[in-house]
Amino acid sequence: MKYLLVIGDGMADNPVPELSGKTPIEAANKPCMDALAAKGEFGTVRTIPEGMAPGSESGILTIFGYDPRTYLRGRSPLEAASCGVLLKEDEISYRCNMVSLGGDGPLSQRSMRSHSTDSISGEDSIALLHYLLADERFAQATRRHGFCFHETPSFRHILVQKGGSIDGFNATPPHDILGQAVSEYLPTGTGSEALRELMELSVEILANAPLNAQRESNGLLRADGIWPWAAGAATILPPFSEKYGKSGSVISGAPLVQGIAILAGMEAPNVEGATGTIDTNYAGKVAAACDALKTHDFVCIHIEAPDECTHCGDLEGKINSITYVDQLVLAPMIKTLEDGTEPFRVLVMPDHKTLMKTLTHDADPVPYFIYDSQSDKGSGLAYSEAFAAKTGIHVENGHTLMERLFETGKAD
């Protein structure tokens with residue numbers, strides 16, 4: 001038996017007025033999802049435990065079977081693992097976005113224009129980080145506070161601090177304050193003074209970066225500063241293969257998802273052109289997944305695009321990205337599995353809702369379906385949030401859903 005998991009990050013939503021009350025999932029052209037959902041187990045699942053903040057760190061851990069109430073010690077250590085940074089017990093880490101800020105002057109007078117500098121290229125993002133570190137004032141502050149930057153080819157880097165603490169620390173996700181003044185959302189609590197010093201210096205230094213001037217002349221957003229957030233401590237996960245007796249590989253362009261896979265002892269190959277945005281290399285991800293299925297029992301393909309489009313307020317992009325998940329990922333994977341010699345089971349779901357109304361995450365249960373190539377006992381309903389709720393199947397403890405896929409137990 002082969003097992004496939006396809007995660008459309010943040011693709012679930014609430015009814016959108018601009019779509020005459022439909023959700024983006026309902027508006028998308030997704031014949032493969034609809035056909036499989038109609039024949040399989042179809043319902044809702046709570047991926048974000050009650051009382052926890054909605055986010056992919058909780059949602060992805062839940063999907064892979066790790067209760068975030070037990071295992072989540074912050075988001076950034078999960079991403080750090082994706083670039084080979086395994087935190088020691090006396091270290092903490094932060095996600096560190098390259099952000100674009102509205103207005104002029106110091107940080108306190110600016111607003112959050114883009115949490116990702118409009119998905120800045122990895123090449124430009126790394127070059128601007130190097131520009132910061134080449135400034136002696138910034139380099140001295142980094143050393144003085146025990147910080148070390150680890151670059152990634154994306155809008156987001158990893159910042160590690162030796163001897164720091166996350167107790168009492170608070171930082172706002174930059175995508176939650178788009179268009180708002182940043183002065184009320186700067187880091188507070190333990191260690192915040194050191195971070196704010198770096199943030200303020202970054203705004204001053206990047207204002208003079210030649211690459212920013214070049215980007216601006218090309219009609220691109222400037223990267224005006226760094227925004228550290230999502231503090232976390234060392235995370236240890238029990239091996240996925242020991243939990244379920246299955247070997248696994250996870251195909252994703254998102255460092256968070258790659259990091260969780262690595263910490264769980266699964267493979268997380270890098271796919272050229274896997275950007276985590278709507279222009280990701282869908283064919284490359286499918287090819288990597290097909291290769292992984294030759295040697296592994298379980299393969300996950302994660303597509304970040306629906307979530308990113310929602311954060312950017314791009315409704316058309318969100319609808320198109322869901323269509324791409326269906327037609328460019330799920331459909332060719334099903335054909336590959338059907339052409340094979342083994343039976344298979346497929347789980348399709350988002351990790352959480354991301355709402356067009358608020359441009360951020362939501363903790364409500366999400367729709368899922370499990371299709372079995374040897375069974376046709378489904379509800380006959382197309383894949384949507386409303387139809388999932390209509391089936392009456394609900395998995396409250398989302399970290400048990402993997403047991404339903406592998407048929408090793410039944411969730412409540």
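These are my notebook entries on a predicted model of a protein.

**Ground rules**

I number residues from 1 along each chain as its sequence is written, and I leave hydrogens and water out, so that side-chain values rest on heavy atoms.

**Entry 1: the whole chain**

I looked up the secondary structure and found 16 helices and 14 strands, where helices (H or I, at least four residues) and strands (E, at least two) are DSSP runs numbered from the N terminus. The radius of gyration is 21 Å, close to the 22 Å that the globule rule gives for 412 residues, so the protein is as compact as a globular protein of that length; the radius is taken over C-alpha atoms, and the rule is 2.2 Å times the number of residues to the power 0.38. Along the principal axes, the C-alpha trace spans about 65 × 45 × 40 Å.

I then noted that 59% of the 412 residues count as buried, with buried meaning under 20% relative accessible area, exposed over 50%, and partly exposed in between (1.4 Å probe, protein chains only). The protein exposes about 16000 Å², and carbon and sulfur atoms supply 48% of that area; accessible areas come from the Shrake-Rupley method with a 1.4 Å probe, and for residues only the protein chains shown count as cover. Among contacts (heavy atoms within 4.5 Å) with a separation of 6 or more, 72% join residues 24 or more positions apart.

**Entry 2: the seven-stranded sheet**

I followed an open sheet of 7 strands in the order E8-E9-E1-E10-E13-E2-E14, with mixed pairing; two strands pair if DSSP finds at least two bridges between them. Strand E8 (248-251) and strand E14 (394-395) stand at the edges with a single partner strand each, so one side of each is left without a neighbour in the sheet. Further in, I checked E1 against strand E10 (residues 344-349), and the two run parallel, joined by 6 bridges. Lys 2 has Phe 344 of E10 as its bridge partner.

**Entry 3: helix H9**

Which residues of helix H9 (residues 210-217) are buried? I found Leu 211, Asn 212 and Arg 215, and they cover an arc of only 100° around the axis, which puts them on the same side of H9; the arc is that of the directions from the helix axis to the C-beta atoms. Helix H6 (122-133) and helix H8 (192-206) are among the elements that cover these buried residues, whereas Pro 210 and Ser 217 are exposed on the other side of H9. After H9 comes Gly 219, with a positive phi near 80°.

**Entry 4: two buried polar side chains**

I looked at His 157 in strand E6 (residues 156-162), which is buried at a relative accessible area of 1%. Its side chain makes a polar contact with the side chain of Ser 125 at 2.8 Å and reaches the backbone nitrogen of Thr 152 at 3.0 Å. A polar contact here is a pair of N or O atoms within 3.5 Å; within protein, one must be able to donate a hydrogen and the other to accept it, and residues adjacent in sequence count only if both atoms are side-chain atoms.

Ser 76, in helix H5 (residues 76-82), is buried at 0% relative accessibility. A polar atom of the Ser 76 side chain lies 2.6 Å from the backbone oxygen of Ser 93, and one lies 3.4 Å from the backbone nitrogen of Gly 232.

**Entry 5: loops**

Are Ser 20 and Thr 117 buried or exposed? Ser 20, in the loop between strand E1 (2-8) and helix H1 (24-27), is exposed at 73% relative accessibility. Thr 117, in the loop between strand E4 (111-114) and H6, is buried at 0%. I noted a positive phi near 55° for Ser 20, a residue other than glycine, and one of about 50° for Thr 117, also not a glycine.

Pro 153, in the loop between strand E5 (147-150) and E6, is exposed at 67% relative accessibility. Leaving aside neighbours within four places in sequence, Pro 153 is in contact with Gly 122 and Ile 126.

Technical notes
This is a predicted model: local features need pLDDT of at least 70, side-chain atom pairs count only at pLDDT 80 or more; totals for chains, interfaces and linings use all residues.
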